[in-house]
Amino acid sequence: MTTTPAAPAELPQHLALVCSQFSRLAARRSDVGVGTVSWRVVATIERHGPLRLSEIADRERVSRPTATTVIKRLEEEGLVGRTPDPTDSRSSLISTTTQGSAQLAAWRQQLAHGVGGLLDQLPAEDFAALERAAEILSRLVDAHDG
């Protein structure tokens, strides 16, 4: 399948759509054994450190009840834990457990294996372009996902 490059004005939506589609393709090919929300939430918590439930909901763009359900399930599985928030006694901070970090590493390996076969088929210049694009996207996320 060949795609026509997006016009500059169309690039933001084209990029967002293709990244989302690629993420779903990676999840389907990787068979991580859980929904993408689970490993995404664990990855978000590990990346940003302990977070309040509301922060997780905001970062993942889900409702607070959805985040509550996901966190409860992850707690039951031993992948995340709660500690009292030292700045607000009414809140808890959610962080990954040792088991959660290990499971996240396993999920990342499965994703790498599932997607690696696709990337291995690319010509070297396309692979290099994707590496560069991933670096650029990572910098954008780091700069604006605070």
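Start with H5, which has a kink of about 30 degrees centred on glycine 114. The bend at a residue is the angle between axes fitted to the seven residues ending there and the seven starting there. As for the name, helices here are DSSP runs (H or I, at least four residues), numbered from the N terminus.

Before going on, a word about what you're looking at: this is a predicted model, where local features need pLDDT of at least 70 and side-chain atom pairs count only at pLDDT 80 or more, while totals for chains, interfaces and linings use all residues. Residues are numbered from 1 along each chain as its sequence is written, and side-chain values use heavy atoms, with hydrogens and water left out.

Back to H5, which covers residues 98–120. How far apart should its ends be? At 1.5 Å a residue, its 23 residues should span 33 Å, and the end C-alpha atoms are 32 Å apart, so the two agree. (The expected span is 1.5 Å times one less than the number of residues.)

Gly100, Leu104, Trp107, Leu111, Gly114, Val115 and Gly116 are buried, meaning under 20% relative accessible area, with exposed being over 50% and partly exposed in between (1.4 Å probe, protein chains only). Their cover includes helix H1 (11–30) and H2.

Leucine 118 also sits in H5, but this residue is partly exposed, at a relative accessible area of 25%. Leaving aside residues up to four places away in sequence, leucine 118 touches Leu25 and Arg29; touching, or contact, means heavy atoms within 4.5 Å.

Next, find H2 (residues 36–48) and H4 (residues 64–76), whose axes come within 10 Å and cross at roughly 85 degrees. The axes are lines fitted to C-alpha atoms, for helices over the stretch in contact, and angles run from 0 to 180 degrees between N-to-C directions. H2 and H4 are therefore roughly perpendicular, the word for angles of 65 to 115 degrees. Val37, Ser38, Val41, Val42 and Ile45 of H2 meet Val70, Ile71, Arg73 and Leu74 of H4.

H4 has another partner: H3 (residues 53–60), with axes that come within 9 Å and cross at roughly 110 degrees. H3 and H4 are therefore roughly perpendicular as well. Here Leu53, Ser54, Ile56 and Ala57 of H3 touch Arg64, Ala67, Thr68 and Ile71 of H4.

Methods
Helices (H or I, at least four residues) and strands (E, at least two) are DSSP runs, numbered from the N terminus. Angles under 35 degrees count as roughly parallel, over 145 as roughly antiparallel, 65 to 115 as roughly perpendicular and the rest as oblique.
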